Amino acid sequence: MKTIKILLVTLIVFSFTQCKSSKFDKTPPFKILKATYTNWVGGQPGVRGIKVEIHLLKRGISSFHSLYFKNHKTTLETTIIKEKMVLIGHFNTSTRRDIILDANPIKELKNEAPINLKLPFELKKDEAVISYTEHNSIRYFKLKGLKEVK
């Protein structure tokens, strides 16, 4: 009985910490000028990805960390073009993988397990989340209305 109470309290505390981490900033310390994404296809079957570009007015953000988009997460690249900061995220959505099939199961251990990423955010298909550091804490901003560029 005591074990059940401890597990229940731990579960409740953990659920409250998850709620706190998914709060988004309403007014971030940067201004978004344009946000687009492009689906690209490589030269071989099954090779593809998504490139996301977010154009900002340059302000005092020290570092950007991650971009969450369409059930994927990637680190952000930062460049400056004509007084504007551009955040770029590259997502690999390739379906092609080399799989070893063999009668010997030891050889099949080299196969990579499929990655099922569970994001801490519920996102629609035109939404993304940017994580950045402000005042020594990681903050999140939900970006809505990303436009697809062909």
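The structure is predicted, so local features require pLDDT of at least 70 and side-chain atom pairs pLDDT 80 or more, whereas totals for chains, interfaces and linings use all residues. Residues are numbered from 1 along each chain as its sequence is written, and side-chain values use heavy atoms, with hydrogens and water left out.

L67 also stands opposite T74 in β4. Strands here are DSSP runs of E of at least two residues, numbered from the N terminus, and two of them pair if DSSP finds at least two bridges between them. β3 pairs with strand β7 (residues 127-134) in the antiparallel sense over five bridges. With strand β4 (residues 72-75), β3 pairs in the antiparallel sense over four bridges. The hairpin of β3 and β4 has two residues between the strands, and K70 takes a positive phi near 50 degrees there.

β3 is mostly covered, with five of its seven residues buried, that is, under 20% relative accessible area with a 1.4 Å probe and protein chains only. F69 counts as buried because its relative accessibility is 0%.

Rings of Phe, Tyr and Trp (its six-membered ring) pair if their centres lie within 6.5 Å; planes under 30 degrees apart are stacked, over 60 edge-to-face and the rest tilted. By this rule there are six aromatic pairs. The ring centres of F69 and F91 lie 6.2 Å apart with planes at 45 degrees, so this pair is tilted. It links distant parts of the chain, since F69 is in strand β3 (residues 63-69) and F91 in strand β6 (residues 84-92), 22 residues apart. F91, at 4% relative accessibility, is likewise buried. One aromatic cluster is formed by F30, F64, Y132 and F141.

How values were computed. Buried < 20%, exposed > 50% of the residue type's maximum accessible area, 1.4 Å probe, protein only.
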